[in-house]
Amino acid sequence: MSQFALAGTVLTRDLIAADGKLVASRGQIVDLAYLKETAARAPREPKLRALHETAASDSVLESFDAAPLQPFAGPPDARAQIADAICEVRFPDELWEELNALKDQDPTRFQHAVWTAVVAARLFRAALGEAPGLTRLIGGALVHDVGMRYAAPKLRFKRDHLTPNDALGLEDHPIVGALLIARTIGDSPAVHFALLHHTRAGFGYPRLEGKPPLRGLDLVSVASAFAALVGPRPFRQHPFNARGAADQLCDEARAGYFDHRAVRLLIHCMRGAKGPITDLKLPRTATGFRPARNHHGVGREAVAV
């Protein structure tokens, strides 16, 4: 976490983790330095439990039957490889409690966590094969959005466009999620994914100075965006279909919000990852389904005012 800098946030209330412990007090400035201090205080050899030993394993297996993820499930052998990689993800009980609380309080966000992990696992395997440390990257994808549970429910379940103040209220969740992870497992890819998955190459948040260490961030950001587009959300009538989500991500990659190589890899995997990715030809026209009513983001009227 030393190659970049970002402005901190001041907590407006005590941050109480799912296990009931105080993580940080109201008024605490949470910035990169505080994240480093928290990571340094984490247990050096925490007791870890594998995902297949938790209740989350059923949700992972069920996700392979979800229509939007069918392109990533692949044939039985590929599906088994992805499932095995995800089920070997290991975290301390404190993080599993965060995911359990997310599942109970916000099932849609929990589904997003699982779907992101499935898509990310497919992308990482396509890019890295069976490289050491793969499960740490996939685990980071699974918990990348745990900070959203601490956002106000009125913002998480809002059906209309956000106001500028609403948007500011949501911008704290990456650093909160990074803090929750850092306290349990120290500095790890999961902390970076939680902190930086909304940066959108400098167009999102939190604002950065310098170049962050990617460590797979580009793939997790694209996997998260895809999972969000094809999943249910209160601010749109229908989700995107897989092709429509790919169209949307292509548009956003051309605008510079996502790494175009990561988007190409996602489409390559959707097509079965057959042949070299250099032969991949993107469609010239967008033909996927994109919902007409989509109140994502800040409303134009609010921005104009």
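## Helices 6 and 7

Helix 6 and helix 7 cross in a right-handed manner; a crossing is right-handed if the near helix is turned clockwise from the far one by less than a right angle, and left-handed if anticlockwise. Helices here are DSSP runs (H or I, at least four residues), numbered from the N terminus. The axes of helix 6 (residues 107-128) and helix 7 (residues 134-142) lie 8 Å apart, at an angle of about 150 degrees. That makes the two roughly antiparallel, a label for angles over 145 degrees. Axes are lines fitted to C-alpha atoms over the stretch in contact, with angles from 0 to 180 degrees between N-to-C directions.

Contact (heavy atoms within 4.5 Å) involves residues including Ala113, Ala117 and Phe124 of helix 6 and Leu137 and Ala141 of helix 7. By class, there are 12 nonpolar, 1 polar and 1 charged residues; Ala, Val, Leu, Ile, Met, Phe, Trp, Tyr, Cys and Pro count as nonpolar, Asp, Glu, Lys and Arg as charged, and the others, Gly among them, as polar.

## Helices 10 and 11

Helix 10 (residues 173-185) and helix 11 (residues 189-196) have axes that come within 7 Å and cross at roughly 170 degrees, so helix 10 is roughly antiparallel to helix 11. Among the residues that meet are Gly177 and Ile181 in helix 10 and Ala190 and Leu195 in helix 11. This contact has 10 nonpolar, 1 polar and no charged residues.

## Confidence and conventions

The mean pLDDT (the predictor's confidence in each residue, from 0 to 100) is 89, and 94% of residues reach 70 or more. Over residues 301-305 the pLDDT is below 50. Where pLDDT is low, the predicted coordinates should not be read in detail.

This is a predicted model: local features need pLDDT of at least 70, side-chain atom pairs count only at pLDDT 80 or more, and totals for chains, interfaces and linings use all residues. Residues are numbered from 1 along each chain as its sequence is written, and side-chain values use heavy atoms, leaving out hydrogens and water.

Terms used
Parallel < 35°, antiparallel > 145°, perpendicular 65-115°, else oblique.
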